[in-house]
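Please look over the sequence and the 3D model shown here before reading the notes that come after them.

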Amino acid sequence: NPDTNSLLYRGYPVQELAATQPFDAVAYLLWNGDLPNETQLAELRAAERGHRALAANVKAAIDLLPLDAHPMDEARTAVSVIGASDTSGGSSVLDAAGSPEENLDRSIRLYAALPAIVAYGQRRRRGEDLIPPRDDLDYAANFLWMTFGEESDEIVVDAFNRSMILYAEHSFNASTFTARVIASTLSDLYSSVVGAIGA
């Protein structure tokens, strides 16, 4: 918004969101067009927490990568494995592309899985074992837990939450453009995200 010199997410000034909202509420906003009420946020949190664990086949794929592989290469590979598993058995590209409802569910599951992917990649580069997620921690605190193996100070969790909010909407940069081009070919959501990560 040039009048207020503010970046807007679905009409909400980003500085307002970063000051008042948890990251999962902003994710909900971007997916649905408005901030969630308490029930909607609780439902999103329950769905996300049910898919936080790193799947065995995704961990195995990451373990095959060189330790000096770039973290974005790990993420790209992991998302591709998730996508191949989720869309397997589709009889056509349109089946794999999915309905809007299926793709929202896929988005939530991918949103839930990405912290485990990134955290495990960081830990394996340091010669450390996988740390399972905790469902008693919020999204930001759980990511920090899986990465460092200890609960982070509240101020660190808050700073990370705000940082994720500030980076959540990229407008029409190269990765967004790439994802849109791939989606426009009627490819699946995972291929679009893989392409976006590569871009």
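The briefing below covers a helix, a core, a pocket and a few individual residues.

This is a predicted model, in which local features need pLDDT of at least 70 and side-chain atom pairs count only at pLDDT 80 or more, while totals for chains, interfaces and linings use all residues. Residues are numbered from 1 along each chain as its sequence is written, and side-chain values use heavy atoms, with hydrogens and water left out. Helices (H or I, at least four residues) and strands (E, at least two) are DSSP runs, numbered from the N terminus.

- Helix H8 spans residues 139–148 and is mostly covered, since nine of its 10 residues are buried, where buried means under 20% relative accessible area, exposed over 50% and partly exposed in between, with a 1.4 Å probe and protein chains only.
- Among the buried residues of H8 are Tyr139, Phe143, Leu144, Trp145 and Met146, and the elements that cover the buried part include helix H2 (23–32), helix H3 (38–49), H7 and helix H9 (154–167).
- At the start of H8, a side-chain oxygen of Asp138 comes to within 3.2 Å of the backbone nitrogen of Ala140, and just after the helix Gly149 adopts a positive phi of about 75°.

**Phe23 in helix H2**

- Phe23 lies in helix H2 and counts as buried because its relative accessibility is 12%.
- Not counting residues up to four places away in sequence, Phe23 touches Tyr111, Tyr139, Asn161, Met164, Ile165 and Ala168, contact being defined as heavy atoms within 4.5 Å.
- Phe23 and Asp138 are 115 residues apart along the chain, and their C-alpha atoms are separated by 9.2 Å.

**The largest nonpolar core**

- The largest nonpolar core holds 38 residues, of which Tyr9, Val58, Ile82, Ile117 and Ile165 touch the most other members; such a core is a set of buried Ala, Val, Leu, Ile, Met, Phe, Trp, Tyr and Cys residues joined through side-chain atoms within 4.5 Å.
- Helices that each supply at least two residues of this core include helix H1 (14–20), H2, H8, H9 and helix H11 (189–198).
- Leaving out residues up to four places away in sequence, Ile82 touches Val58, Leu110, Ala113, Ile117 and Tyr190.

**The second largest pocket**

- About 210 Å³ of space lies in the second largest pocket, a pocket being an open set of points on a 1 Å grid over the protein atoms alone where a 1.4 Å probe fits, with protein on both sides within 12 Å along at least five of seven lines, and lining residues having an atom within 4 Å of a point.
- Of the 15 residues that line this pocket, the closest to its centre are His51, Ala55, Ile82, Arg109 and Ala113.
- Helix H4 (56–63), helix H5 (71–87) and helix H7 (100–125) each contribute at least two residues to the lining of this pocket.

**Backbone and loop residues**

- Arg10, in the loop between strand E1 (8–9) and E2, has a positive phi of about 50° although it is not a glycine, and Arg10 counts as partly exposed because its relative accessibility is 47%.
- Leu186, in the loop between helix H10 (174–184) and H11, likewise has a positive phi, near 70°, and is partly exposed with a relative accessible area of 46%.
- Tyr12 is found in strand E2 (residues 12–13) and, its neighbours within four places in sequence aside, is in contact with Leu7, Leu17, Leu29, Asp34 and Leu35.

How values were computed:
Points joined across faces, edges and corners; volume = space filled by probe spheres on them. Polar contact = N/O pair within 3.5 Å; in protein donor to acceptor, adjacent residues only side chain to side chain.
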